[in-house]
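Here is a short tour of one protein chain. Keep the sequence and the structure in view as you read.

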Amino acid sequence: MRHLELQIRLRDWFFIFIIALLFSTLLSIYSYYLIGENLLNAIFFGLLLGFDIFVFSMSFITYLNNFILPKLSKKYWLILAILFSYLSGFLGTILTYYFCKIFRINLIEKFENNYMIFALFLGFLTYFVAALLYQFVKMNNKKEYSERLLLDSRLKSLQRQLNPHFLFNSLNSLVELVHIDINKTEDNLMELSRFLRQSMNEKALNSLKDEIDNLKRYVNLENVRFSDNIILHININEDLYDYKIPKFSIQLLVENAIKHGFSKNKESLNIYIEVKKSDSLIILVKNDGKKISSDKFGIGLTNLKERLSILCNGKIHLVNKVEPTYKITIGKCNENINNG
């Protein structure tokens, strides 16, 4: 893993840029005000100084973090950080002096006559400001990293709760089937192997195609117990197959339908799955089994609700209790969380 201390993101640079402009501009306005100079010149000078120092800082720090510091022992980091932070302030001040001459911005007389001394002073000042910003970025990175580890741990815990009895049920069914049809038993063992291989990977997200393929394996295996009375009806445009969704999202709803939907008055259970795209990806899962008596979510659906929210800013809600129908809405998925 790359060092947390060396990770500076775009939003961090934006924050540093604003701080540099504000700090240099306020310092310039105060200095010009003390001697009664034009404050408009102070603003121009301060903005230019802050911009120049920021450009040097960003260039030096980016180069250091990407190409030099990762190859060196940490005991040398502080020395190099001081040196390059100082150079950023020193060179930024000198460049600002020459720009002011080119654009004819009035300078404070003492600065104009002693700009090298001021450059030396501002070099040290830049280092102290940079050191404070560095501590802020470092603490922020550590906080986000800790939160990401906690989230990853929580996701793995949720995934371990999924479908705990399925394997035992499948094996028991195959044990019975082996005495009836050995060829069908072999086929179903292969299906079980493929299902487990897909289920046990570390990815938290699946492509819609992989999810549907694994769902079909799951239903095939359940049909060993239910004598092929579970019938899937899938309506999905192949253009949507590459979309990512949390693993087991659809399967959990199908599992619930099988567990709670079978009616004594019907020999079969039809499960309808439709996926469509509007602003978000919409997944509808309906069955023609027994109606739902309570709209309160159990452990499995609560688990799914959490994973949808964490991984894809998604939602799930019950649409119809009489014709049991659930609707999943998939937002923008975060593929950096436990996915790979």
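A residue is called buried under 20% relative accessible area, exposed over 50%, and partly exposed in between, with a 1.4 Å probe and protein chains only. Helices (H or I, at least four residues) and strands (E, at least two) are DSSP runs, numbered from the N terminus. This is a predicted model, in which local features need pLDDT of at least 70 and side-chain atom pairs count only at pLDDT 80 or more, while totals for chains, interfaces and linings use all residues. Residues are numbered from 1 along each chain as its sequence is written, and side-chain values use heavy atoms, with hydrogens and water left out.

## The chain as a whole

The secondary structure comes to ten helices and seven strands. The chain has 340 residues, and 41% of them are buried. Contact here means heavy atoms within 4.5 Å. Of the contacts with a separation of 6 or more, 71% join residues 24 or more positions apart.

Start with strand β7, residues 325-330. Five of its six residues are buried, so the strand is largely enclosed by the rest of the structure. Two strands pair if DSSP finds at least two bridges between them. Strand β5 (residues 281-287) runs antiparallel to β7, and six bridges join them. Strand β6 (residues 315-320) also pairs with β7 in the antiparallel sense, over five bridges. A hairpin of four residues links β6 to β7.

Which residue of β7 stands opposite Leu 284? That residue is Lys 327. Lys 327 is also the bridge partner of His 317.

## A cavity among the helices

A cavity is a set of points on a 1 Å grid over the protein atoms alone, where a 1.4 Å probe fits but cannot get out; lining residues have an atom within 4 Å of a point. Grid points are joined across faces, edges and corners, and a volume is the space filled by probe spheres set on the points. How many cavities of 30 Å³ or more does this rule give? The count is one. The largest cavity holds about 30 Å³ of space.

Its lining is made of Ser 57, Ile 61, Phe 84, Ser 85, Ser 88, Thr 126 and Ala 130. The elements giving two or more residues to this lining are α2 (39-68), α3 and α5 (115-160). Helix α3 has the largest share, with three residues. Ala, Val, Leu, Ile, Met, Phe, Trp, Tyr, Cys and Pro count as nonpolar, Asp, Glu, Lys and Arg as charged, and the others, Gly among them, as polar. By class, the lining has three nonpolar, four polar and no charged residues.

Look again at Ser 85, one of the lining residues. Ser 85 lies in helix α3, residues 77-103. Leaving aside neighbours within four places in sequence, Ser 85 is in contact with Gly 123, Thr 126, Tyr 127 and Ala 130.

The table gives one reach of each side chain.

| Residue | Relative accessibility | Side chain reaches |
|---|---|---|
| Ser 85 | 12%, buried | backbone oxygen of Ala 81, 2.8 Å |
| Ser 24 | 5%, buried | backbone oxygen of Leu 21, 3.3 Å |
| Glu 211 | 4%, buried | side chain of Asn 206, 3.3 Å |

Ser 24 belongs to helix α1, residues 10-34. Not counting residues up to four places away in sequence, Ser 24 touches Gly 46, Leu 49 and Gly 50.

Glu 211 sits in helix α8, residues 208-226. Lys 247 is 36 residues from Glu 211 along the chain, yet their C-alpha atoms are separated by 6.8 Å.

## Two positive phi angles

Most residues other than glycine have a negative phi. Phe 248 has a positive value, near 75 degrees. This residue is in the loop between β3 (244-246) and α9 (249-261). Phe 248 counts as buried because its relative accessibility is 11%.

Asn 313 also has a positive phi, of about 50 degrees, although it is not a glycine. Asn 313 is placed in the loop between α10 (299-312) and β6. Is Asn 313 buried or exposed? At 61% relative accessibility, Asn 313 counts as exposed.

Conventions:
Polar contact = N/O pair within 3.5 Å; in protein donor to acceptor, adjacent residues only side chain to side chain. 1 Å grid on protein atoms, 1.4 Å probe; cavity = no way out; pocket = protein on both sides within 12 Å on 5 of 7 lines; lining within 4 Å.
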